[in-house]
Amino acid sequence: MKNKDVITYYDKMAANIKAPGETRNKAKDFSKYDIEFMLKRASKQKRLLDLGSGTGLLVNHLIGHYKDITAVEKYPNFSKFIHASNNVKVINANLIDLELNDENFDILSLFGVMNYFNDQEAESIYRNIHRYLKEGGELVVKNQFGVNEDVIVNGYSEEIGCDYFSNYRKVDKEISMLKACGFDNIEYFDIYPAEFNRWDNTHFYALTANKIC
């Protein structure tokens, strides 16, 4: 990500983090819904690539349910909370210029990640990660999306008490972007109870899409 407010915010958090839950940014804990959503797709024959894994709030609960998991997280101070296991590989890398040698994953997940990138960055990431999925493999993207239009937070956030950036693209726009980047069979799911959507102009969705070569 290029936005300096996001970089500064997460640099500071990574330098001072004491517990894995601190990455929730004061939001309610919706981990169980994310976990349930990914467990429905799990199989001990499937390989998972999770991008922006943070402190392992999702992947730590999936370890025994997938053949293997590769967790990509920029900050080592976040990824140190990911549980060690023979079937888990942790890579500290930036999603913007991610280069992996492995292009054979069944499922690729991005939970609470893509809203931190502008349109150009997001499209570049989608085009790049497309190659890491098997043909017919599934992409899962979950974050807030704009309801009627793009909602961009760029400035001081009263809730977290610092400058912040987030780009909640309209869900239809995100779907069009995914199609342009080689994904199809796109669906979206309203996976949280109503009270988790605190703002009228944004809504949490999980998008799923398949790699169509």
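In helix α2 (residues 31–39), the residues Ser-31, Tyr-33, Asp-34, Ile-35, Phe-37 and Met-38 are buried, where buried means under 20% relative accessible area with a 1.4 Å probe, protein chains only. The model is a predicted one, in which local features need pLDDT of at least 70 and side-chain atom pairs count only at pLDDT 80 or more, whereas totals for chains, interfaces and linings use all residues. Residues are numbered from 1 along each chain as its sequence is written, and side-chain values use heavy atoms, with hydrogens and water left out.

**Packing of α2**
- The buried residues of α2 pack against β1, β4, β5, β8 and β9, contact being heavy atoms within 4.5 Å.

**α4 against α5**
- Helix α4 (residues 119–129) packs on helix α5 (residues 171–180) at an angle of about 40°, and their axes are 9 Å apart.
- From α4, Asp-119, Ala-122, Glu-123, Tyr-126 and Arg-127 meet Lys-173, Glu-174, Met-177, Leu-178 and Ala-180 of α5.
- The residues of this contact between α4 and α5 comprise 5 nonpolar, no polar and 5 charged, with Ala, Val, Leu, Ile, Met, Phe, Trp, Tyr, Cys and Pro counted as nonpolar, Asp, Glu, Lys and Arg as charged, and the others, Gly among them, as polar.

- Leaving aside neighbours within four places in sequence, Leu-95 is in contact with Leu-51, Gly-52, Val-72, Leu-110, Val-113, Phe-117 and Ile-125.

Definitions and conventions
Axes fitted to C-alpha atoms, helices over the stretch in contact; angles between N-to-C directions. Helix = DSSP H or I, 4+ residues; strand = E, 2+ residues; numbered from the N terminus. Buried < 20%, exposed > 50% of the residue type's maximum accessible area, 1.4 Å probe, protein only.
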